[in-house]
Amino acid sequence: RPQFLAPGAWLMRGVARVQAPALLDAIRDVTRQAPLRQMTTPGGGRMSVGMSGCGARAWISDATGYRYEARDPLTGKDWPSMPGILRELARDCASRAGYDGFCPDSCLINRYRPGDRMGLHQDRDERRDVPIISVSLGVSAVFLWGTPVRSDGVRRLVLNNGDVVVWGGPSRLAWHGVAPLPQAHHPLSGEIRYNLTFRVTA
Ligand code: MD3
Ligand code: FE
């Protein structure tokens, strides 16, 4: 069932599709308590993607830099706990890709509206000996991904509602990003794409 992408990276088309309505309910629940917000970057810009998170810690960016925090700076409260349906989906997908015992302490929620994009980057702020699991929901997006060497360039991959990708091993430090979201409609989410990423931060 998992499709090989690169060493350590596996694509599972549609594995979260039947659960998508329940996952979107969980996202609504979390983002009621920790609202989606566009974060400021150390360079003085603002990200187009709306972000929130749940679990013991979540990723934030502000004028001083990037880091994981136990509290949401917007509300001053701890991040919402990770709903069981999210934790178990991540654990199950990791296991199918050969990563047993995956126990994420953080789930980041990204919301893309039409035109929103994410520039090429590496994820370096969490444990690198553990994979990252990503789940796409709603409107399809073009995902760009390369290798850990930036000059190797990128390949394009369309990610649809319910697609899951596991990024571990030598692919954990691959450069990646998301092309501007097209204006499109999905019956579960309207014009929106959500992406969940599960990580181990401590
Ligand atoms: C490859 N999110 O939150 S998910 C991010 O669709 C992020 O919202 C994108 O990049 C999104 O950091 C892409 C796919 C993904 C996530 C993490 C990775 C691919 C990855 C980490 C290493 C290599
Ligand atoms: Fe990333």
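Leaving aside neighbours within four places in sequence, which residues is histidine 176 in contact with? They are Leu120, Phe143, Leu144 and Trp145. Two residues are in contact if their C-beta atoms, placed from the backbone, lie within 7 Å.

## Model and numbering

This is a predicted model: local features need pLDDT of at least 70, side-chain atom pairs count only at pLDDT 80 or more, and totals for chains, interfaces and linings use all residues. Residues are numbered from 1 along each chain as its sequence is written, while chains are lettered from A and ligands numbered from 1 in the order written.

## Overall fold

The protein has two helices and 13 strands. These are DSSP runs, numbered from the N terminus: helices are H or I with at least four residues, strands are E with at least two.

Of the 202 residues, 37% count as buried. Buried means 20 or more other C-beta atoms within 10 Å of the residue's own; exposed means 12 or fewer; partly exposed lies in between; C-beta atoms are placed from the backbone. Among contacts between residues at least 6 apart in sequence, 73% join residues at least 24 apart.

## The annotated site

The UniProt annotation "binding site", from an unreviewed entry, covers His121, Asp123 and His176. They span 56 residues in sequence, yet no two of their C-alpha atoms are more than 8.8 Å apart, so they gather at one spot. Such annotations may be inferred rather than shown by experiment; positions follow the numbering used here, and feature names are shortened.

Histidine 121 lies in strand β7 (residues 118-121). Histidine 121 is exposed, with 11 other C-beta atoms within 10 Å.

Histidine 176 sits in strand β12 (residues 176-178). Histidine 176 is buried, with 22 other C-beta atoms within 10 Å.
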